[in-house]
Amino acid sequence: MAYSNYFNPEETLDREGIERLQAERLRSTVAHCMGSGFYRKRFRDIGLSHEDIKTLDDLQKIPFTTKQDLRDTYPFGMASIPLSKCTRLHSSSGTTGNPTVILHSQKDLEQWANAVARCLWMVGCRPEDVFQNTSGYGMFTGGLGFQYGAELLGMLTVPAAAGNTLRQIKFFTDFGTTVVHAIPSYAARLHEVMCERGVDPRRDTKLRTLVIGAEPHSDQTRRRIENMLGVKAYNSFGMSEMCGPGVAFECPEQNGMHIWEDYYIVEIIDPVTLKPVPEGEVGELVLTTINREAMPLLRYRTRDLTRILPGECPCGRHHKRIDRIKGRSDDMIILKGVNIFPIQVEQVLVQFKELASDYLITLDTVDGSDYMTVEVELAGSNIDDYAALQTLERNITRMLRDEILVTPKVKLLPKGSIPQSEGKAVRVKDNRKQYQ
Ligand code: AMP
Ligand code: ZN
């Protein structure tokens, strides 16, 4: 059966076509946003009318939306349509206090599935493929997001969900899985366990395509994973606030991620001056959703640092390409795909009167997997009661796991052991390979 290279006609629009569509959708999105109490007030406060937004340049008149705005309006204050018309919500990890809530209408969910299907189609996935998803299902959007996209494309889907590596490998071999979605650290773990069990991915499986994302990783890591598993690995970028996966994705050229500009308007700003950076320079990614119904976001500061890659892509798509994510303009850590803020760790530690206030979070990569160690100083000088210390360590570990959803290694140290830095305290040391 002959297939087209493209899933949607919008993929082939030229720059003029993209920008015309964006201006149209921006106008209708801004008008639609007036259904949200939050945006109505925002606009009124600065004397802006939705009718003032006519062209793409007018976007600059609109204030940024931040994660804090989402927290402040928790749970439903950002909605632009009545709740009775919403059909799902997702909630983002990695926040203290109020989490962020993202609402979706049925149409939003269909558009989201379409964006994910488009990404998967772009890298050669077809209905004959078997797609296995190793993401957690539930609030984490990598589960349901990929599930509906892969189903829309028509692949046989294996919603294996996270964990149970032996079972994942058994599914690969028994179901003839050809496409896998995994976070980079888990892809390496899959290979490790395959080696332990004498499973050769090239000989014993039909794996061909890997979709990796959700956390920063270098091109080197990608190549290593490709070699291990005998697959082509494509970088997938998304975030809950923008639905989830399907925001930007590499094409077969593997030279940056096309960001779907019929869904989003892209800006790159200097996170300090908040002014646009010159084309090609690294800055903070700011996105405006232009086809969302339940909860459109205008000029949302993602905090992700990247740049627009110059030049045309040989694949024929004119949608801009963003470079690999270089880091964050806030202090968020991403570990095993989970978002963590250092303040969450601190808020657990301060609850233990046995602890002093100095602590250090270290992130390391060991055998392809990422780990967190939390070193913290004891308040008192009496550290001879070994059993009591062990119990304390266990209790801290348990409370941290409940708060940050990953299990760190906790080390208790005598007072004065953590080196003091001049000026601002250094709370996080990231030794992971993807940042080198
Ligand atoms: P979440 O809302 O939990 O899905 O987390 C979204 C965040 O994960 C983004 O803002 C990025 O910081 C990070 N992220 C997602 N995909 C990638 C990727 N391909 N490369 C690097 N970081 C990513
Ligand atoms: Zn391309």
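The model is predicted, with local features requiring pLDDT of at least 70 and side-chain atom pairs pLDDT 80 or more, while totals for chains, interfaces and linings use all residues. Residues are numbered from 1 along each chain as its sequence is written, ligands are numbered from 1 in the order in which they are written, and side-chain values use heavy atoms, without hydrogens and water.

**View 1. Donors of the zinc ion (ligand 2).** Cys-251 (SG), His-258 (NE2), Cys-313 (SG) and Cys-315 (SG) are the protein donors, at 2.1 to 2.3 Å from the zinc ion; donors are N, O and S atoms within 2.8 Å of the metal (3.2 Å for Na, K and Ca), and since water is not among the atoms, sites may look incomplete. The angles among the 4 donor atoms run from 102 to 115°, and the site is tetrahedral, a label given to four donors if all angles lie between 85 and 135 degrees. Along the chain the donors follow the spacing C-x6-H-x54-C-x1-C. Distant parts of the chain are linked by the pair His-258, in strand β9 (residues 257–259), and Cys-313, in the loop between β12 (300–306) and β13 (321–322), which are 55 residues apart; strands are DSSP runs (E, at least two residues) and helices are runs of H or I (at least four), numbered from the N terminus. His-258 and Cys-313 are both buried (under 20% relative accessible area, with exposed over 50% and partly exposed in between, 1.4 Å probe, protein chains only).

**View 2. Surroundings of ligand 1.** Ligand 1 is surrounded by 16 residues, the closest being Ala-214, Asn-235, Ser-236, Ser-240 and Asp-304, where a residue counts if one of its heavy atoms lies within 4 Å. A backbone N or O atom of Ala-214 lies 3.1 Å from a nitrogen atom of the ligand, and a polar side-chain atom of Arg-328 lies 3.3 Å from an oxygen atom of ligand 1. Taken alone, ligand 1 exposes 500 Å², of which the protein buries 95% (Shrake-Rupley method, 1.4 Å probe). Strand β7 (residues 232–237) gives the most to this shell, with 3 residues.

View 3. A cis peptide bond with omega of about -5° joins Tyr-74 and Pro-75, and Pro-75 lies in the loop between α3 (67–72) and β1 (86–92). Phi is positive, near 50°, at Gln-254, a residue other than glycine, and Gln-254 counts as buried because its relative accessibility is 10%. Arg-303, in strand β12, has phi near 75° and is partly exposed, with a relative accessible area of 27%.

Technical notes:
Four donors count as tetrahedral if all angles lie between 85 and 135 degrees; four count as square planar and six as octahedral if opposite donors are over 155 degrees apart and all others between 65 and 115; anything else is irregular. A polar contact is a pair of N or O atoms within 3.5 Å; within protein, one must be able to donate a hydrogen and the other to accept it, and residues adjacent in sequence count only if both atoms are side-chain atoms.
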